[in-house]
Amino acid sequence: MSEFRIHHDVNELLSLLRVHDGEGAEVYIDLLQKNRTPYVTTTVSAHSAKVKIAEFSRTPEDFLKKYDELKSKNTRHLDSLVYLLSKLTEDKETLQYLQQNAKDRAELATNAATSGSTNFSIHSSTSKISLQELEELRKQLGSVTANSSAHQPLELTRKILRDKQKKNSGQPIPVFPSWVYERPSLIGDFLIGTSLSTDTTVPIGTLPLASQESMIVEDLLYVLIGVDGRYITAQPLTGRQNRLFSVDPNLDLSIKELVTRILPVAASYSAVTRFIEEKSSFEYGQVNHALAAAMRTLIKEYMILITQLEHLQRQGLLSLQKLWFYIQPTMRTLEILASLATSVDKGECMGGSTLSLLHDKTFNYTGDSQAQELCLYLTKAASVPYFEILEKWIYRGIINDPYSEFMVEEHELQKEKIQEDYNDKYWDQRYTVVQQQIPSFLQKIADKILSTGKYLNVVRECGRDVTCPVAKEVIYTLKERAYVEQIEKAYNYASKVLLDFLMEEKELVAHLRSIKHYFLMDQGDFFVHFMDLTEEELKKPVDDIITTRLEALLELALRMSTANTDPFKDDLKIDLMPHDLITQLLRVLAIETKQEKAIISADPTELTLSGLEAFSFDYIVKWPLSLIINRKALTRYQMLFRHMFYCKHVERQLCNVWISNKMAKQFSLHSSKWFAGAFTLRQRMLNFVQNIQYYMMFEVMEPTWHILEKNLKLVS
């Protein structure tokens with residue numbers, strides 16, 4: 001977390017808790033930065049923290065229900081938050097303070113509400129609707145809203161997803177023809193309210209036990225593949241609940257008991273089938289599509305088993321007990337598949353969030369080898385399209401993500417703007433990380449993945465094709481080290497390629513030296529020439545100065561001095577600023593503060609600026625060096641230059657005074673005493689200006705510059 005983020009969060013917390021006195025935010029920020037330790041979540045620590053809060057809570061059931069709901073939605077940092085809350089429950093002093101604070105806030109809210117209600121009353125004479133009617137209308141609206149949110153049609157969901165993806169990728173998403181959704185018989189799930197059977201049903205209670213069993217086995221074989229039987233029928237679904245069945249009440253109790261044990265398999269099959277049909281649509285993305293395809297393969301194996309059981313039943317070799325025995329192995333598989341389908345649906349997961357959920361489930365099944373193997377198979381299958389996008393990004397710096405599933409998102413920004421903007425917007429905002437799309441197993445190296453693609457992308461945008469020579473297929477495993485090593489190799493290659501490109505081909509160090517010559521004033525003879533040539537021009541008010549004349553004089557000074565050997569001298573330009581240096585500094589310091597608007601809307605300056613006060617150099621930097629020497633960096637160099645340049649001007653003025661003071665030699669010794677005080681003051685001023693210049697240039701800038709150059713040579 002950045003220092004700015006900590007600062008912001010601490011201030012927010014202090015204002016929420018209404019803490020206005022005391023030591024202020026700075027003390028807490030300092031403490032937080034010094035005492036931060038990374039929190040590593042384990043299943044044990046998360047569980048014990050959850051139990052501790054549940055014991056402390058007045059309504060533990062509500063807390064646990066909410067925790068499970070958030071967990072199923074794959075909420076980030078949930079366990080870290082729960083751990084922090086469990087620690088707070090141990091701190092009596094903090095608890096007491098928070099309880100008192102909550103009470104005070106509740107009182108304030110009540111007072112505000114009562115004062116508000118005294119000023120508001122309904123005039124029945126002007127009101128066109130009675131209070132009773134209003135209450136009735138509110139109830140109706142509430143029920144309509146509840147129903148619409150519970151039964152949001154899938155078509156609407158698909159349309160929302162399509163619009164979102166089209167906006168992000170700029171390409172139309174392929175869609176299935178409408179008849180795919182309009183013909184329910186194509187889906188392998190129950191058709192409610194369309195009884196296809198024309199047979200007259202014999203009341204089952206009138207049949208002998210053996211006949212009852214035979215009829216129920218036949219019914220169960222139908223129900224297990226999503227078709228209603230004569231005596232067992234599926235109930236209509238409301239929302240995303242599990243499928244329920246109604247069994248003929250006249251059925252023998254011993255048979256009914258065994259039937260109720262087998263029916264959860266049919267409920268799981270129904271949930272999985274619905275999930276497969278829904279997620280096979282393009283709108284839900286490639287990861288969900290791949291997961292649905294893997295589930296479909298498993299369902300095919302299940303259907304083969306049911307076909308074999310039907311064959312046995314026709315031969316009269318299948319009893320209810322045998323059916324129960326044969327169905328056992330698939331029961332657990334379908335239960336796990338249904339659980340995953342429900343979790344993905346509840347969390348509205350797509351892309352990286354689906355993979356996070358699958359990865360967490362795989363880990364949670366440690367100890368249950370069959371369940372873990374099944375989840376591992378599904379996670380591997382679902383991760384294939386995601387890893388294809390990842391490979392393209394870390395090996396070539398290209399994003400091909402039509403369904404907005406990847407952890408890195410691209411934004412349209414122009415690189416030409418870098419020279420105009422005061423911030424690092426292009427580097428920070430062209431490609432950004434989408435937190436909810438980071439799979440939990442890639443969380444630790446998310447920043448490296450982002451940087452790897454960014455580095456390669458910069459080189460690609462300069463017209464050079466880059467392909468990582470160590471490129472290998474990234475495959476999901478439970479051993480994270482395998483793909484972490486692969487990503488680290490790609491990161492090291494991308495770093496080296498960009499670094500060599502900037503250092504050797506684009507001559508970054510030479511450009512920085514050129515900036516040092518002019519902005520940090522280490523070309524002495526050039527500045528003597530330049531200040532001699534422009535002295536008269538820069539004395540004028542800034543509005544009277546002709547910029548082209550200054551540019552011509554700059555060109556002349558560059559050609560007449562040692563700066564003529566600099567290959568980048570033509571990139572140097574003149575810039576006349578609208579503010580003096582102090583105002584410029586105040587504007588920078590006011591960014592993101594309450595004074596910002598006041599300072600920006602103020603007049604540039606009340607005084608008329610002279611050319612000397614407004615004068616600065618500017619420097620043309622081309623892509624990709626503009627990523628490093630951006631407007632922000634150049635503005636800092638400009639501010640240093642303006643300060644140094646003005647000091648140089650003051651020194652020249654004092655030297656001119658010293659020359660004019662030579663006139664005093666022609667006066668008598670007696671009268672020259674009158675000048676002594678003035679001469680001493682002038683000499684002291686000159687000494688001060690020369691010493692402060694020496695200090696800034698040789699004790700501050702030069703050593704720091706050597707450190708920068710040394711670091712640039714060592715950087716990898």
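Buried means a relative accessible area under 20%, exposed means over 50%, and partly exposed lies in between, for a 1.4 Å probe and protein chains only. The structure is a predicted model, in which local features need pLDDT of at least 70 and side-chain atom pairs count only at pLDDT 80 or more, while totals for chains, interfaces and linings use all residues. Residues are numbered from 1 along each chain as its sequence is written, and side-chain values use heavy atoms, with hydrogens and water left out.

The chain as a whole has 716 residues, of which 37% count as buried. It contains 26 helices and six strands. Helices (H or I, at least four residues) and strands (E, at least two) are DSSP runs, numbered from the N terminus. A contact means heavy atoms within 4.5 Å. Among contacts between residues at least 6 apart in sequence, 73% join residues at least 24 apart.

Helix α11 covers residues 253-279. The expected span of a helix is 1.5 Å times one less than its number of residues. For the 27 residues of α11 this gives 39 Å, and the end C-alpha atoms are 39 Å apart, so the two values agree. The helix has a kink of about 30° at R261, shortly before the proline P264. The bend at a residue is the angle between axes fitted to the seven residues ending there and the seven starting there. V265 is also found in α11, and V265 counts as buried because its relative accessibility is 1%. Leaving aside neighbours within four places in sequence, V265 is in contact with L224, Y302, I327, M331 and L334. The C-alpha atoms of V265 and R332 are 8.6 Å apart in space, although the two residues are 67 apart in sequence.

The loop between α15 (369-396) and β3 (408-410) holds E405. E405 counts as buried because its relative accessibility is 0%. Not counting residues up to four places away in sequence, E405 touches Y284, G285, Q286, V287, N288, M350, G351, G352, Y386 and Q437. With Q286 there is a polar contact, that is, a pair of N or O atoms within 3.5 Å; within protein, one must be able to donate a hydrogen and the other to accept it, and residues adjacent in sequence count only if both atoms are side-chain atoms. Here a polar atom of the side chain of E405 lies 2.9 Å from the backbone nitrogen of Q286.

S404 is found in the loop between α15 and β3. S404 is buried, because its relative accessible area is 18%. Most residues other than glycine have a negative phi. The phi of S404 is positive, near 55°. E507 also has a positive phi, near 50°. E507 lies in the loop between α18 (481-505) and α19 (508-519), and counts as partly exposed because its relative accessibility is 39%.

Helix α19 contains R513. R513 counts as partly exposed, because its relative accessibility is 37%. Leaving aside neighbours within four places in sequence, R513 is in contact with W705 and E709. R513 and D566 are 53 residues apart along the chain, and their C-alpha atoms are separated by 9.4 Å.

The structure holds two cavities of 30 Å³ or more. On a 1 Å grid over the protein atoms alone, a cavity is a set of points where a 1.4 Å probe fits but cannot get out, and lining residues have an atom within 4 Å of a point. Grid points are joined across faces, edges and corners, and a volume is the space filled by probe spheres set on the points. The largest cavity has about 100 Å³ of space. Its lining consists of M531, T534, E535, L538, K539, L612, F645, H649, R652 and Q653. Helices α20 (524-539) and α25 (631-660) each supply at least two of the lining residues, and the largest share, five residues, comes from α20.

E651, with which the text began, lies in helix α25. Not counting residues up to four places away in sequence, E651 touches L686, V689, Q690 and Q693.

Key
On a 1 Å grid over the protein atoms alone, a cavity is a set of points where a 1.4 Å probe fits but cannot get out, and a pocket is an open set with protein on both sides within 12 Å along at least five of seven lines; lining residues have an atom within 4 Å of a point.
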